[in-house]
Amino acid sequence: MTTMIERATPMDALSAPPTFESLLRTVEEMNTPDGFKAELIRGKIVVSPWSKLRYVRPMRALRRQLEANAPDGHIVETSPFLFQFPAANRAYGPDLFVADESAFDADGRHADGAALSLVGEFTSVSTKDADWHEKLDVYGLLVPVYLVVDMQESEITCFSGPSPHGYRSRKTVSFGEALHVPEPFDCSLDTSF
């Protein structure tokens with residue numbers, strides 16, 4: 001286990017706040033412990049644990065259903081990849097995503113957020129606020145479908161119709177109820193995990 005000690009840095013030692021690009025480079029160079037991921041949230045590097053074991057079953061169930069209905073040329077993954085949103089100075093590692101597979105042809109470590117057709121975030125006590133607010137605001141400008149799987153409330157919410165003002169549509173169901181996911185998927189998800 002690594003212990004980190006935070007030390008104050010005198011203000012005169014900082015010439016300017018870090019840029020989005022420099023923060024991305026720092027995240028790329030980080031050696032996060034096994035089971036943890038680093039994201040850029042609210043202009044800060046945030047390290048959080050990957051999901052708990054009990055999240056595997058709902059993640060796999062959604063992944064299988066989405067694979068059968070994903071747009072041509074899109075892949076469904078739960079792998080730890082970072083998607084960048086430069087206009088918002090953010091970069092997220094979604095729990096589950098559907099993205100154009102051409103986004104993974106590059107050598108870099110950060111995929112373009114514009115490649116995403118769907119993002120699924122599974123809430124935890126430590127990430128719930130970011131999933132419901134911070135990420136909702138950023139995804140709502142660009143990503144066609146955003147699923148918030150609220151593991152504490154046993155509900156799943158589908159946001160769709162991104163716009164300059166955020167998502168235009170929202171539908172919430174309790175686990176066990178069918179959830180319609182609109183274009184580009186146009187399918188019904190079985191949420192009885």
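Good morning. Among contacts in this chain (heavy atoms within 4.5 Å) between residues at least 6 apart in sequence, 51% join residues at least 24 apart. The model is predicted, so local features need pLDDT of at least 70 and side-chain atom pairs count only at pLDDT 80 or more, while totals for chains, interfaces and linings use all residues. Residues are numbered from 1 along each chain as its sequence is written, and side-chain values use heavy atoms, with hydrogens and water left out.

The chain holds three helices and 13 strands; these are DSSP runs numbered from the N terminus, helices being H or I of at least four residues and strands E of at least two. Of its 193 residues, 41% are buried. Buried means under 20% relative accessible area, exposed over 50%, and partly exposed in between, with a 1.4 Å probe and protein chains only.

I turn now to the salt bridges, each a side-chain nitrogen of Lys or Arg within 4 Å of a carboxyl oxygen of Asp or Glu. The whole structure contains seven. One of them pairs Lys135 with Glu121, at 3.4 Å between the closest N and O atoms. Because Lys135 lies in helix H3 (residues 128-139) and Glu121 in strand S8 (residues 116-122), this pair ties together parts 14 residues apart in sequence. Both residues are buried.

Lys135 also meets Asp131 in a salt bridge, at 3.6 Å from N to O. These two are four residues apart in helix H3, and are therefore separated by about one helical turn. Asp131, too, is buried.

Finally, Arg63, Glu67 and Glu77 are linked in a network of salt bridges. Thank you.
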